[in-house]
Every structure is written in structure tokens, then in C-alpha cells.
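Please keep the sequence and the 3D view open while you work through the points.

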Amino acid sequence: MGLSGSGKSTLIRHVNRLIEPTAGEIVVEGNSVLALSLDELRKYRRTKVAMVFQKFGLLPHRSVIDNVAYGPEVRGVGHEERLEKAAKWIATVGLSGYENSRTRQLSGGQQQRVGLARALAMDTDIILMDEAFSALDPLIRSGMQDQLIELQQTLNKTILFITHDFDEALKIGNRIAVLKDGAVQQVGKPEEIVLKPANAHIEEFVREVNKARAIHVRSIMERGDVELCEYSVPMNARCEDVLPLFAEHEWVGVLDDDGRQIGRVTAKQVIRALARHSPT
Amino acid sequence: MFPQLIDTKPLRRAIDDGLNWVVRNWGDGFEAAAYPLLMLLKAIEDLLISTPWWLIVAILTGIARLASRSWKLPVIVLFSLLFLGVMELWKDAMTTMALMLAATITAIVVSIPVGVSMSRSARVRQLITPVLDLMQTLPSFVYLIPTVMIFGPGKIPALIATIVYAAPPLVRLTDLGLRSVDPAVMEASRAFGTNPTQRLFGVQIPLALPTISAGINQTTMMALSMVVIASMIGAGGLGYQVLQGIGRLEVSRGLFAGLGIVALAIVFDRITQSFGKQLQGRIGWRRPDK
Ligand SMILES: Nc1ncnc2c1ncn2[C@@H]1O[C@H](COP(=O)(O)OP(=O)(O)OP(=O)(O)O)[C@@H](O)[C@H]1O
Ligand SMILES: [Mg+2]
């Protein structure tokens with residue numbers, strides 16, 4: 001995450017060497033990407049990393065399905081098989097029925113779904129997304145974010161997601177790196193950044209942000225063997241999810257994945273966490 | 001008067017002697033090298049002349065229908081061709097059409113690879129651009145004379161002169177079309193692990209096709225505009241009728257043959273333009289109307 005011109009696009013293009021770095025190293029699965037020959041680099045791009053672009057980068061002379069099948073086609077997958085695969089991913093992103101449309105006939109949100117399906121059809125473990133949702137209007141954008149989070153729950157890929165929007169970073173990121181002037185300012189989990197901003201620059205973002213959405217209840221709960229609460233939320237609930245519950249309950253329990261209670265929170269704890277970095 | 005600084009006479013003599021030497025010693029070689037061109041032209045011409053007129057009319061009208069998907073263009077083409085027939089210009093028109101087609105085909109075969117290499121290397125572009133400028137601005141008679149000296153009057157120098165004049169726009173537009181492909185699309189293609197050949201044939205050429213087809217349109221038009229000059233050195237056809245009309249002060253003959261050239265120009269201009277529009281629609285520059 002970083003402001004315009006902070007070097008996000010430059011950084012992410014190093015991962016698949018669309019830009020050659022002048023110094024440093026890039027290691028993917030223990031292998032140095034910089035050591036790859038041109039041929040190996042092409043193979044690496046075909047099999048290891050897929051990319052979704054801010055400006056979509058769809059091929060305007062191809063239909064939607066041929067766009068999605070482009071990755072497998074470059075890799076040499078047969079005609080039938082790649083169309084089958086493409087159709088599956090088109091359905092996954094909710095574009096069934098548009099297989100034979102031209103990409104320019106689609107709306108921005110639909111085009112980016114094609115971009116996403118095209119990257120997913122590559123079957124790579126890593127996906128790079130450079131401001132993939134920035135060109136979309138807020139409502140469609142929020143829908144795409146939800147869809148990405150939902151997809152990720154079943155896919156479990158490594159997604160490097162670039163954004164200039166701190167809220168978006170908090171919503172979809174497991175770990176966030178904040179960039180400024182081409183240098184990393186802080187790396188951490190969303191709540192680490194919200195609760196302990198490393199410097200004034202990051203504090204500025206944090207001040208603007210919806211903290212109730214950023215902070216997980218598990219990071220502020222009272223841990224340990226406490227008495228069972230009347231009402232509980234799962235471990236990955238955020239403050240905004242529990243706030244309405246305090247109207248009825250004094251304590252809200254927090255459950256782990258197996259449904260055992262691992263802690264509890266009160267309204268006071270939540271308010272204190274939300275208030276900590278507010279402007280004075 | 002500009003003062004005489006050097007004596008250019010020896011230089012001019014050297015060039016003339018050099019050319020004569022080339023004609024004497026290499027003339028046969030050049031002729032052999034140009035032989036395939038002559039065969040191409042002959043084959044097209046024989047085919048066009050031996051094909052019954054109604055078949056040619058039907059084919060061209062059909063192509064016009066395919067290119068435009070409407071009825072206006074086929075009607076225009078039909079009437080242009082019938083005009084040629086009614087005015088007793090059919091055979092001459094076929095000869096001229098053959099020259100234009102042979103020049104266009106050769107220009108396509110040569111220009112597109114040259115355009116591709118220009119689009120890929122700034123050095124090649126710097127080298128070729130002045131050559132193209134020269135080909136387009138040098139009065140055609142200047143290179144007509146040496147080509148006639150080398151090949152003798154006839155169809156070969158006429159064809160070569162036509163190609164020299166008609167090819168540059170196609171080279172330029174191929175280069176331009178390939179270079180103006182959206183860089184975002186090119187980058188995306190690169191990110192998918194394509195090699196340069198896959199990018200050229202899978203992305204660049206398909207997206208540059210409308211521009212390339214505009215180049216082909218230009219080439220056909222410029223080839224047609226050379227027919228009168230070409231007929232001075234033995235190309236025959238409609239151009240020759242125009243020349244005879246001028247020579248014998250028969251205004252009508254010149255006028256009808258001239259209008260015949262216009263009719264051919266209309267046929268090929270509209271057909272190639274319609275194909276270009278269709279290509280544009282296909283890559284989404286314009287949404288399909290229907
Ligand atoms: N670490 C760096 N070293 C050298 N140049 C850099 C570095 N970081 C950024 N730049 C330069 O900064 C400029 C802007 O970078 P970049 O396009 O990556 O920004 P961005 O964060 O993607 O901005 P936007 O949000 O507008 O897309 C580029 O010209 C890039 O070359
Ligand atoms: Mg950027």
C-alpha cells in the first residue's frame with residue numbers, strides 16, 4: 001500500500017521481472033528470479049506468477065473466453081482443454097453468458113472480472129494484482145473485494161495485492177507493507193499497523209481509516225479460561241462485527257476455529273482500541 | 001549565379017559510365033532476378049483476361065458484399081465494372097488491374113517484414129525512413145530511366161517503378177500500427193510468458209491490422225495513380241489509352257480511359273476501406289452497428 005508515485009507498480013513488476021531491478025534480489029520458492037535465463041523467465045511467468053492489471057490489459061481482438069484461455073494457450077494446452085478450463089473460471093467470477101462477447105463491450109467491473117479469471121486460469125500459486133480494483137466505482141469495487149476474499153478462502157494462493165487505498169488494504173490484506181518514496185515504511189498485520197503505526201506518515205493514514213473494520217477482536221480480547229459467554233463471535237470477527245452486540249450483552253465471547261471459547265471482550269475494550277489513535 | 005566550386009562533369013560521367021557498365025555486365029542478372037515478378041504479373045494478367053467478364057463482375061461484387069455487409073457498395077462496384085465493359089475498356093482495365101494487383105502483392109510481401117523490423121529497432125527505422133522519403137519524393141522518371149536501361153522497356157520496369165512508388169505508405173503504416181499497439185496490452189502479454197514471435201503474431205499484428213489495411217488501401221491507390229507513367233514504358237492498359245488520347249488529341253479517348261481508371265480506383269478503394277472498417281469493428285474500436 002502506498003500513495004501515488006510511491007513505487008508500488010515498480011515494486012510489483014520486479015516480481016515477474018517486467019522491470020529489471022538494479023540491485024537486490026527476488027526469491028520465489030527458494031530460487032532467485034534474477035538468475036533465470038530468458039527462456040527460464042518465460043517459463044516462470046507461464047507457470048509460477050499470474051498478473052492482474054489496473055488497466056485490465058485484455059486482448060481486444062479476442063472474445064472473453066479466448067482472453068481467459070490465453071495463459072493456457074501460451075503454455076501449449078490443447079484447444080478443448082483450455083476452453084473448458086476458461087469456461088470454468090468465467091463461471092467462477094460470475095460472467096457466464098458473456099463467453100463470446102468482445103471485451104470492449106463489457107463494463108469496467110466485468111472487464112476486471114475477465115482479468116481476474118484470466119489470471120486464475122493460469123493455475124499459478126502466486127498472483128500479482130496491481131491496483132486491480134482502482135479503476136472501478138466504489139460499489140462494484142467493494143463487490144470485487146468480497147469476491148476476491150471469498151475466492152481466496154478456497155484457493156489459498158499467494159496474492160500480492162497493490163492498492164493506494166488503506167481501507168482496501170485493511171479489508172483484504174493478511175500482511176501489509178506500506179511504501180513511501182520507493183522504500184518500505186512498515187510491514188505487519190493490519191491491526192499491528194493500525195495500533196502501532198511506525199511513523200507519522202502511517203499515522204496519517206490510520207487517522208482516516210475505519211478502525212472498527214481494521215481491528216480483529218482477537219487482538220484486543222481478554223484471553224484465557226473465562227466463564228462461557230452468552231453470545232460469541234468467531235476468531236476472525238472485527239470490531240465492527242461485535243459493536244452492535246453490546247447493546248444486548250456486556251461480554252461477547254471469541255471462539256477459535258473448533259468452536260471453543262478462547263477469550264472475551266467488553267464494549268470498554270473495543271472503545272479503548274478504537275479511540276487510541278484518534279486525533280486529540 | 002552560384003560560383004562554380006567543383007567541376008561536376010567528371011562525377012556525372014562516372015555515374016553514367018557506371019550505370020552503363022552495370023547494364024552491360026549485370027543486365028542479364030537483374031533480368032533473371034526480376035523474372036519471378038514478371039511471371040507473377042503475367043499469371044495475374046492471363047487469369048484476369050481469360051476469365052469471363054461476368055465471373056469477374058460477380059466475384060468483385062461478391063467481395064464488396066462481404067466487405068461491407070450492405071448492398072450499397074456492391075451496387076457501386078457493379079456499375080463501375082459495367083461502365084468499364086460498356087466503354088470497351090474491359091481488356092485494358094484487366095491489364096491495369098493486373099499491374100496494380102501484382103504491385104500490391106509484391107509491396108505487401110516486401111513492406112510488412114520491413115515495417116516489422118522498423119517497429120522493433122530504432123536503428124533500422126532511422127536507416128529506412130530516409131529511403132522511404134526518397135522513394136516517395138524522387139520524381140519517378142529519375143529511377144524510371146535506369147530501370148528501363150537495365151530491363152529494357154516493357155512490363156518489368158513498369159512494375160518495379162509502380163512498386164517503388166506504391167510500397168512506402170504500407171511500410172510506414174505497418175511500422176506505425178505495430179508501434180501504436182496499447183503498451184498495457186503488450187505488457188500483459190509479456191507477463192504471460194510469451195516470446196516476441198508469439199507477441200508479434202498473437203497481439204501486435206492482429207491489433208495493427210486496421211492500420212496495415214489502411215496501408216494496403218494507400219498502396220492500391222498509389223499503384224493506380226502510376227498507371228499512366230507506367231504505360232509510357234510499356235505497361236499497356238488504361239494508361240496507354242490515356243497516353244494515346246493525349247498524343248492524338250482525342251479528348252474522348254483520354255477522358256473515357258481516365259474515367260476507367262477512376263472506376264477501378266473506386267472499386268478497390270471502397271473494398272479495401274470496408275475491410276479495414278470491419279477489422280476495426282472486430283478489435284472493438286467501434287462497436288458493431290447491428
Ligand atoms: N525504489 C525505486 N527506485 C527507483 N525508482 C523508483 C523507486 N520507486 C519508485 N520509483 C520511480 O517512481 C515513479 C513512480 O513509481 P510507480 O509508478 O511505481 O508508482 P505507483 O506507486 O505505482 O503510483 P500509482 O499509484 O500512480 O500507480 C517511477 O518513475 C519509478 O521509476
Ligand atoms: Mg501504479
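Predicted model: local features only at pLDDT ≥ 70, side-chain atom pairs only at ≥ 80, totals over all residues.

Which helices of chain B are included in what covers the buried residues of H11(B)? The cover includes helix H4 (90-120), helix H10 (227-232) and helix H12 (251-282) of chain B.

**Chain B as a whole**

- Chain B has 12 helices and 0 strands, and when it is read along the sequence its pattern is α-α-α-α-α-α-α-α-α-α-α-α.
- The C-alpha trace of chain B spans about 60 × 55 × 45 Å along its principal axes, and of the chain's 290 residues, 46% count as buried.
- If we take the contacts in chain B between residues at least 6 apart in sequence, 77% of them join residues at least 24 apart.
- Chain B exposes about 15,100 Å², and carbon and sulfur atoms supply 68% of that area.

**Helix H11 of chain B**

- Helix H11 of chain B covers residues 238-247, and the buried residues in this helix are B:Leu238, B:Gly239, B:Gln241, B:Val242, B:Gln244 and B:Gly245.
- These buried residues of H11(B) are covered by elements that include H4, H10 and H12 of chain B.
- After H11(B) comes B:Leu249, a residue whose phi is positive, near 55°.

**A nonpolar patch on the surface of chain B**

- A nonpolar patch on the surface is formed by B:Trp53, B:Trp54, B:Leu55, B:Ile59, B:Ile63, B:Leu66, B:Val75, B:Leu78, B:Phe79, B:Leu82, B:Val86 and B:Phe275, which together have about 1,100 Å² of accessible area.
- Two elements of chain B, helix H2 (53-68) and helix H3 (72-86), each give two or more residues to the nonpolar patch, and the largest share, 6 residues, comes from H2(B).
- One of the patch residues is B:Leu66, which lies in helix H2 of chain B.
- B:Leu66 counts as exposed because its relative accessibility is 58%, and the cut-off for exposed is over 50%.

**Salt bridges**

- B:Arg125 forms a salt bridge with B:Asp175, with the closest N and O atoms 3.7 Å apart.
- This pair links distant parts of the chain, since B:Arg125 is in helix H5 (residues 122-137) and B:Asp175 is in helix H7 (residues 155-179) of chain B, 50 residues apart.
- B:Asp175 has a relative accessible area of 4%, and is therefore buried.
- B:Asp133 forms a salt bridge with B:Arg172, with the closest N and O atoms 2.8 Å apart.
- The pair of B:Asp133 in helix H5 and B:Arg172 in helix H7 of chain B also links distant parts of the chain, 39 residues apart.
- B:Asp133 is partly exposed, with a relative accessible area of 34%, and B:Arg172 also counts as partly exposed, at 27% relative accessibility.
- B:Arg253 forms a salt bridge with B:Glu250, with the closest N and O atoms 3.4 Å apart.
- B:Arg253 counts as partly exposed at 23% relative accessibility, and B:Glu250 counts as partly exposed at 29%.
- A network of salt bridges links A:Arg13, A:Asp130 and B:Glu187.

**Sheet and helix in chain A**

- An open sheet of 4 strands in chain A has the order E8-E11-E10-E9, with mixed pairing.
- Its edge strands are E8 (222-223) and E9 (232-234) of chain A, each of which pairs on one side only.
- Strand E8 of chain A is joined by 2 bridges to strand E11 (residues 261-266) of chain A, and the two run antiparallel.
- The bridge partner of A:Arg223 in E11(A) is A:Gly263.
- Helix H13 (residues 267-275) of chain A lies across E8 and E11 of chain A and runs at about 75° to E11(A).

- A:Glu131 is placed in the loop between strand E4 (126-130) and helix H7 (138-155) of chain A.
- Leaving aside neighbours within four places in sequence, A:Glu131 is in contact with A:Lys8, A:Gln54, A:Ile162, A:Thr163 and A:His164.

Technical notes. Residues numbered from 1 in each chain as written. Chains lettered and ligands numbered in written order. Heavy atoms only, no water. Pairing = 2+ DSSP bridges. Contact = heavy atoms within 4.5 Å. Axes fitted to C-alpha atoms, helices over the stretch in contact; angles between N-to-C directions. Buried < 20%, exposed > 50% of the residue type's maximum accessible area, 1.4 Å probe, protein only. Patch = residues over 30% accessible without salt bridge, like charges linked within 9 Å, V, L, I, M, F, W, Y side chains within 5 Å. Areas by Shrake-Rupley, 256 points an atom, 1.4 Å probe, with all protein chains shown as cover. Salt bridge = Lys/Arg side-chain N within 4 Å of Asp/Glu carboxyl O.
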